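Subject: Structure handover

Hello,

Here is the structure I said I would pass on. My notes follow below it.

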Amino acid sequence: MTENKTRPRKQRDPAKCIFERLRDECRYDGGYTIVEDYVRVQKRGSKEIFCPFIPRSNIA
């Protein structure tokens, strides 16, 4: 599952595939929406933000 983060964005598994793998390989008995919500939060939280550094000069 962790290799999903290192793949390019378009090649990552959607929540449905992750849910099916969890169900089949790990005997996951939770619901799909829990997995979908988790994937959504991880996707939203992993974006990088660029903030340019502008130094202030001669502040008195």
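Helices here are DSSP runs (H or I, at least four residues), numbered from the N terminus.

This is a predicted model, so to speak of local features pLDDT of at least 70 is needed, side-chain atom pairs count only at pLDDT 80 or more, and totals for chains, interfaces and linings use all residues. Residues are numbered from 1 along each chain as its sequence is written, and side-chain values use heavy atoms, with hydrogens and water left out.

Helix α1 covers residues 15-26.

Ala15, Ile18 and Phe19 of α1 are buried (under 20% relative accessible area; exposed is over 50%, partly exposed in between, with a 1.4 Å probe and protein chains only). The buried residues fall within an arc of 100 degrees seen down the axis, so they line one face of the helix (the arc is that of the directions from the helix axis to the C-beta atoms). Lys16, Asp24 and Glu25 are exposed on the face turned away from the buried side.

The whole structure has three salt bridges (a side-chain nitrogen of Lys or Arg within 4 Å of a carboxyl oxygen of Asp or Glu):

- Arg21 with Glu25, 3.6 Å, N to O; both lie in α1, four residues apart.
- Arg23 with Asp24, 3.3 Å between the closest N and O atoms.
- Arg40 with Asp37, 3.0 Å between the closest N and O atoms; both lie in α2 (residues 32-45).

Regards

Technical notes
Helix = DSSP H or I, 4+ residues; strand = E, 2+ residues; numbered from the N terminus. Expected span 1.5 Å × (residues − 1).
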